Amino acid sequence: MRANELGERSVAPGGVVDEGAILAFRNIVKTFGPTVAVNDVSFSLQPGEIHALVGENGAGKSTLIRILAGDHQPDSGTITLDGAPVSFDHPGAALESGIGFVHQIPMFVPGLSITENLMLGVPFRRNAVGLIDWAKAHAAARQSLEQVGVDVDPKRSLNELGPAERQLVAVARALRRHPSVLVLDEVTASLTELEVRTVHRQIDRLRSQGIAVLYVSHRLEEIFRVADRVTVMRDGRHVTTLPVSDLTHQQLVNHIVGTKLGDLFVRHDPAPRMDDTVPTLEIDGLGDGKLIDLNLKLFPGEIVGIAGLGGSGRSRLLKMIYGAGAPQTGEIRLNGTACHFRSIADALAAGVGFVTEDRIADGFVDTLPIWKNITLPWPKRFSSHGILKLRQERMYASHDAARIGVKMPSVDAMMTQLSGGNQQKAIFARWISAPIRLLLLDEPTHGVDIRSKAQIYDLIRELTSQGVGILLVSSEIEELVGLSDRVFVLRDGRFRSVLRDEEITKDRILHSLLDEERQVSEHDKH
Amino acid sequence: MTSTNDRIDGNVPGGSLVSVRKSIDWGSLAPVIFFAVLVLLFGFLEPSIFLTIDNLASILNNGAVLAILACGLTVVLAVGEFDLSIAAVASFAGALAAVTIAQMGWNVALVLPMIIVVGILIGLINGVLVTRYEMPALIATIGVSSLLDGLSMWVTGNSVIFSGFTGPFLALGDWRIGSIQAPVFYLVFIAAILIVILHYTVLGRHIYATGGNRAASRMSGIRVERQIITAFVIAAVLGALAGVIYTARQGSLTPLFGASMLLPTFAAAFLGSVTLARRQFHIVGTVIGVYLIETGTTGLLILGAPAYTQQLFAGAVLILATIGARYRNAKTK
């Protein structure tokens, strides 16, 4: 009977629910005031399936996940688990029913041991006297870690784990409740390419255990690698659910964005360079103990990518150029002039801009309105005789925000009222008409939806057309491939190779990230 | 650029949907309404005493020194730090003035700059302890506070000084225009300067930015340590001035007179941070906070409440204002 009903639904616009599904969303609707966050969404997960859920920020993914978690109640529609309707009226209910959640930043107590962190929320084993039986607890923890392929002593502190391992420990913790459905919400957003692969290998293994995985990610590459099917949401609606094998990358982007975005990465032609062009940035034998003898030239209008794993020193290098760390050896030259920045203010004054990796931590000031965040490095430009011309400053900021297409209620709104992508665009707005020659980008599209990504790429190109040189650090190799004129591969504090033109491919970059052999030859550097 | 063609939700350069945000925010008006209710209540209960020019002027006069102190504290709170030494600075500055002028017969023209320099030094010490030595401001300033109280007792021999003040010194606190006494005019002058500094200068912007997110401010080229030290210096100088003004107005010095002002300054600043603004410490809010407390305690005293009512009232205001701020935060998130 249910099957008939489902059969009819298969033509319904809101999506379909298959037979034998372990988890099914049926016609879920959720509104917040006048906003319809989730609009008649139906789809389902099979046991042992890895099911990706994608969409721009604001497409309704997060709301749907929060409904599943019991944080929100749907206005209408039902969720069924193994065929039976369930209703989660409080946050713990979903966990108890066998749905596990792992988020982008897992909740851990960093100072505690891995065992203790694994036990968070799940009662400790106690012995006859009512005390914790540590021997049994560690044994259970070791078993949990094996399940996700992490080979470390669970007695060790969680601090000692790398980011990929931490995510896997979070997965192991979720698995301790034996869930039938596991929701992985942007779990790889903070990981580098290689770390992502480590995590994916383990996710693959879940499939054989019959666990259905709902995999939310902004990184489309990953979806093709790890998922069986993908559900696309846009503006709160279900767009499509398809096996990933039936899709190309471009088709998926089009589904997500709705209108055709064109290729995300349009090759740009680097500005013609004369033999006597003075490099925007020249680093010569730069080192600080961790970074060793780095040499690089960056010409006006050029984008130089830096590939490196987490911990390779890539952020350190950017910060050093930005005046936030002093080199021990070598020299930094801007437009041919040697620079000895003693502070970030010095670097700014010399025309160096920076977009930080972690915008929440050090990207903006959440107690100041958007416009004051846009002018944050530059209020002096709007002061005469020491008094700020606030009206002019605000106009300038709203002009630049509008030019970049920051979607916001008003420039007087707070940064926290914006989506991640728009926050990032507002941060870019700082530099778009600022007097800079060099812009340092550290993961410029981290956690940003696809449309904002495309806009940020446009922006980067616009800056290069103004002659600004860009030094780009990214964990997304596609981004490096798509944007860079040259790519330097940084490993263990040294540039191991430099790739240009046709050499810039994903394979070559990954290879150099791992391959010890190839070295930069002296004449190849510039 | 293609992105400029996007829908930008009414975000025209210059003009914008400000009106949406400028719709009346009742939460931020609550302290003002409470203030008005207090005035009406006391006016209704004791019209012949409370609603007299003399009484209203005395509320204004009595609150002025407290308000100068609270304004100094506001600058430190705005930069994201804490200053528990500000009242002790006032006590110490008053003690120095009393001892040098009343007992040693020094010239006011010499003493005043000296005390300002002392204020600057104390602020520098607080600032350096917090930035260079990375001490929590709570610990650093409570330590400095205790040191200063000790010094105050030492220089005054821990006894009241009530004679020997010279005419020029007393004149500092003695003049008036109508019923309004000198401290009120000093307050207006100081508050005006602080408002300009905090809202219309680069320094003020940097102070608020540092208070909002230190790491982001640093990455935007703001020398955050410098802003923090500057804020402590401003606070200590204002503390010192408040101490001198208070002593000149009283014409006598009781050692450690500032101690009882510490809590009300915090209560006023925290109440002010949710007045006419969203959780931001600002001068106008602080001054309103001070006078709300002053009005409340004066009114209660007139109604016959005992003297310790001031402590009760200020304590209650501090706690309620903080709860109110929290509640409003939760709502706006």
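Biologist: What share of chain B is buried?
Modeller: Buried residues make up 48% of the 333 residues. Of the contacts in chain B with a separation of 6 or more, 78% are between residues 24 or more positions apart.

Biologist: What pLDDT does chain B get?
Modeller: Chain B averages 88, and 91% of its residues score at least 70. Residues 1-22 of chain B, however, have a pLDDT below 50, although this stretch has 43 contacts in the model beyond near neighbours in sequence. Where pLDDT is low, the predicted coordinates should not be read in detail.

Biologist: Let's look at H2 of chain B; how does its length compare with what its residue count should give?
Modeller: Helix H2 covers residues 26-45 of chain B, and at 1.5 Å a residue these 20 residues should span 28 Å, which agrees with the 27 Å between its end C-alpha atoms.

Biologist: Where does H2(B) bend?
Modeller: The bend in H2(B) is at Val32(B) and is about 30 degrees.

Biologist: Which residues of H2(B) are buried, and what do they pack against?
Modeller: Pro31(B), Phe35(B) and Phe42(B) are the buried residues of H2(B), and their packing partners in chain B are helix H3 (47-50), helix H13 (262-273) and helix H14 (283-302).

Biologist: Switching to chain A, which domains are assigned?
Modeller: The domain assignment gives domain 1 (2-98 + 179-257), domain 2 (108-178), domain 3 (281-351 + 435-524) and domain 4 (367-434) of chain A.

Biologist: How many residues of domains 3 and 4 of chain A are in contact?
Modeller: On the domain 3 side there are 11 residues, in contact with 12 residues of domain 4 of chain A. Helix H16 (residues 450-465) of chain A gives the most to the side of domain 3 that touches domain 4, with four residues. The C-alpha centres of these two domains of chain A, domain 3 and domain 4, lie 26 Å apart.

Biologist: Last one, what scores does the predictor give the complex?
Modeller: The complex has an ipTM of 0.85 and a pTM of 0.78 from the predictor.

Conventions: Residues are numbered from 1 along each chain as its sequence is written. Chains are lettered from A and ligands numbered from 1 in the order in which they are written. This is a predicted model: local features need pLDDT of at least 70, side-chain atom pairs count only at pLDDT 80 or more; totals for chains, interfaces and linings use all residues. Helices (H or I, at least four residues) and strands (E, at least two) are DSSP runs, numbered from the N terminus. The expected span of a helix is 1.5 Å times one less than its number of residues. The bend at a residue is the angle between axes fitted to the seven residues ending there and the seven starting there. A residue is buried if 20 or more other C-beta atoms lie within 10 Å of its own, exposed if 12 or fewer, and partly exposed in between; C-beta atoms are placed from the backbone. Two residues are in contact if their C-beta atoms, placed from the backbone, lie within 7 Å. pLDDT is the predictor's confidence in each residue, from 0 to 100. Domain bounds come from an automatic or database domain assignment.
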